[in-house]
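Work through the following exercises with the sequence and the coordinates at hand. Each task is followed by a stepwise solution.

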Amino acid sequence: KMKSTHPLLRWVKEFNLNLLPNSVTLRADMDRSFVKTQLRNASPTQNLGIGTPKLTTDGVPPLFEKYWLFNRAYNLNWNLTKSVVVGYIANVNAIIDEPYGELDTQVKQDSVSRNLRRLGRTKGFDQQVNGVWRLPLNKSPLTDWMTADYSHRFGYTYFANSYQIKDDDGFLFGNVIKNTRSRGINGKIDLVALYNRVRALRLANQPRVSRKNVARNPGDDEDIIKPQPDFLRSVTRLLMAIRGIQVNYTIDESTSLPGFLPTPGILGMNNINSAPGFAFITGSQDPNIRFRASENGWLTKSRTQNVPFLQMRTQNLTYRTAIEPFKDFKIQLEGKWSRTDNYQENYRVDSLDLQKKFASFNPVRSGNYSMSFLSFLTAFDSNSPDDNSVIFNRFRSYRQVILDRLNAQKGIEIKGIYNKNSQDVLIPAFFAAYSGVSPDKVSFSPFVNIPLPNWRLDYNGLSNIGWFKRKFSNISIQHAYSSTYSVGNFTSELGYRDVSLLTLNNMMYNTAYLTKGQINNQNVTTLPISGPILIDKGDEYLAPIYSMSIITFQEKFSPLIGINATTKSKISLQISYSQDRNIGLNLASNYVNELSNKDLMFGMGFTKANMLVPFKVGGKRVRLQNDLKFEARLTIRDTRTIQRKLDDVPVVTQGFTQFQFRPQASYNVNKKLSVTAYYDKNFNNPFVSNLYYRSTDQAGVQVRFSLSE
């Protein structure tokens, strides 16, 4: 027994450490099935006409169908402290192997008993450990205006192959093990709580109060707080425009290793040699696990094992904040960043090596990438369908600038050349032209590391100003902008076999240093090949490390400007102008595909109570007892898709001008019956010759009757 003054107990008491789990759950299920089928034949003597006819089982072996499953589940939840929560979940699927036939001998029964004591042969094992830690930021007055939760989860999974399945050389194919690791932090910065620490800023955050009579009576101890002047209050509030920031960052990783021979025991590790090791079952992403496993004899020596060694990593970052420069004006900022990387190779015994050493075959790196971006600097540049496009011509001219920079960086030790249509030239030139960045400063890497914020603006203060206040009960102005830059699926060229260059430990982007001749022939001997632009027959063009399919910018002003208003007479008005563009650089065919849309929308509606019907019903003027709702919307849209080739004239592949007008009136006769009358006018005027002018008119009346109570 420890005294109450023991240092360990004082530490436990100070941190509120809970030594016992909150809940422990164990569950075991057994499912055994035994089916014996015995067929019978006629007696052989019956065919000779001797004796009494009878059926017999002589010479007919019975058929057995049986299985014995033993499934187990473990669950533990532990509130280690007030700010740390830990959970453990494990599931085991096992088979109790039985000898063939009935258990009619002591040897067979002993075999089953041994398998039961070993808890069966594991077919599947899965365990997950997760924990959440509320960082102790509230313990310090310097950080108590921030909150953050760190989450950590790791898992280990064992997949058993078919029992005793072997290759032609007698080697087992082995099993597959996989681990996962997920880490993330979710934080919030409450800047309002920080501002309130300063007395002058706290007063600016508080609502205005009426001035007090400063005349004081004898014995009056009430403090007199003088309100700030309006100008000073506004300036102070402007300095506190940012009210808070939320940040969420997660990393999800996994490693899959095939050909694994040991079986799992306690915590998934083998009871004899502790394979695959404590580090692997707790989420280690060390790529050297395959080398360590082969050295320790954990992997099969089958030469036909074709399941790849695979590592994956996914990263996601989001942040958002709200800014209030002054009353009724709100700005929302949001940024996103996402990247996925995969690495795989076939790791097995080299069939050409007499010593049967393991080797890496066909290493491949792949992935995709996207992030929020700001490309509005070129949003309003001319995108004329002919050769007068300002942005595209800029893209063409930037290729020479990037080409000169790459040649200066390459040096004489790298054999081979770039040309204007090389991937390492096109990507930075495209990025610079369509984002407004200088070609002299743009990075060669297509992976930009800083996600720039998109925004949404809302202003509701016009209804409190002069003429607008007298005419309108509500006016709101909206503006929203979003832009996403993304790199489509990319895959490493097969000629790059340097594993250190392709594994997930290397997150850098390198420009090309092998020629296409080297890659195609998988050796250092170069052969002349023809390229998109051939200067000399002997020229060899440098091939990129990562072959990328498409680079895109997706930009939306939704809306660029939008106004929603309601008059004093209950008439609602809507006006908005939106535009978006989707620009993709196709690196396989060297062309840019531009899809653009421009929308102009007008809307109007009202709700009229006790409306007088404009015609007589039964010779009398009638007023509607319920509200009549009327809405009308006019939309004009310009849509066009242009394909711009680097060495050819641009082509409009699709496009039209659309006009749509839709008024409708609806009236609820009672709770169950409603009537709607509408008219829809729509026509499309195409820009291309393979489409036709199309016009449609629709009109009708909808009557709905509800049978529900």
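Predicted model: local features only at pLDDT ≥ 70, side-chain atom pairs only at ≥ 80, totals over all residues.

**Exercise 1. The largest pocket**

Task: State how much space lies in the largest pocket, which residues lie nearest its centre, and how its lining divides by class.

Solution: 
- Step 1. The space in the largest pocket comes to about 680 Å³.
- Step 2. Its lining consists of 24 residues, and those nearest the centre are Arg-118, Thr-122, Pro-264, Gly-265 and Asn-271.
- Step 3. Two or more lining residues come from each of strand 4 (63-79), strand 5 (84-95), helix 2 (106-117) and strand 6 (121-134).
- Step 4. Sorted by class, the lining of this pocket holds 11 nonpolar, eight polar and five charged residues.

**Exercise 2. The largest cavity**

Task: Find how many cavities of 30 Å³ or more there are, and describe the lining of the largest cavity.

Solution: 
- Step 1. The count gives one cavity of 30 Å³ or more.
- Step 2. Around it stand Leu-257, Pro-258, Gly-259, Leu-299, Thr-300, Gln-305, Phe-309, Tyr-347, Arg-348 and Phe-358.
- Step 3. Strand 9 (242-260) and strand 11 (329-349) are the elements that supply two or more residues to this lining. The largest share, three residues, belongs to strand 9.
- Step 4. By class, the lining of the largest cavity has six nonpolar residues, three polar and one charged.

**Exercise 3. A nonpolar surface patch**

Task: Identify the residues that make the nonpolar surface patch of about 310 Å², and decide whether Ile-563 is buried, partly exposed or exposed.

Solution: 
- Step 1. The patch is made by Ile-561, Ile-563, Ile-575 and Phe-602.
- Step 2. Ile-563 belongs to strand 18 (residues 550-567).
- Step 3. Ile-563 has a relative accessibility of 33%, so it counts as partly exposed.

**Exercise 4. Salt bridges**

Task: Give the number of salt bridges, then examine the one between Arg-662 and Asp-680.

Solution: 
- Step 1. The count comes to 24 salt bridges. Side chains of opposite charge can pair when their charged atoms come close.
- Step 2. Asp-29 is partly exposed because its relative accessibility is 38%.
- Step 3. In the bridge between Asp-638 and Arg-640, the closest N and O atoms are 3.3 Å apart.
- Step 4. The side chains of Arg-662 and Asp-680 meet at 3.5 Å, N to O. This pair links distant parts of the chain, 18 residues apart: Arg-662 is in strand 24 (residues 651-668) and Asp-680 in strand 25 (residues 673-686).
- Step 5. Arg-662, with a relative accessible area of 31%, is partly exposed, whereas Asp-680, at 11% relative accessibility, counts as buried.
- Step 6. Shared partners join Arg-181, Arg-183, Glu-253 and Arg-313 into one network of salt bridges.

**Exercise 5. Ser-476 and Gln-574**

Task: Decide whether Ser-476 is buried or exposed, and find what separation its C-alpha atom has from that of Gln-574.

Solution: 
- Step 1. Ser-476 is located in strand 14 (residues 472-492).
- Step 2. The cut-off for buried is under 20% relative accessible area. Ser-476 is at 10% relative accessibility and therefore counts as buried.
- Step 3. Ser-476 and Gln-574 are 98 residues apart along the chain, and their C-alpha atoms are separated by 9.9 Å.

Methods: Residues numbered from 1 in each chain as written. Heavy atoms only, no water. 1 Å grid on protein atoms, 1.4 Å probe; cavity = no way out; pocket = protein on both sides within 12 Å on 5 of 7 lines; lining within 4 Å. Points joined across faces, edges and corners; volume = space filled by probe spheres on them. Helix = DSSP H or I, 4+ residues; strand = E, 2+ residues; numbered from the N terminus. Nonpolar A, V, L, I, M, F, W, Y, C, P; charged D, E, K, R; others polar. Patch = residues over 30% accessible without salt bridge, like charges linked within 9 Å, V, L, I, M, F, W, Y side chains within 5 Å. Areas by Shrake-Rupley, 256 points an atom, 1.4 Å probe, with all protein chains shown as cover. Salt bridge = Lys/Arg side-chain N within 4 Å of Asp/Glu carboxyl O. Buried < 20%, exposed > 50% of the residue type's maximum accessible area, 1.4 Å probe, protein only.
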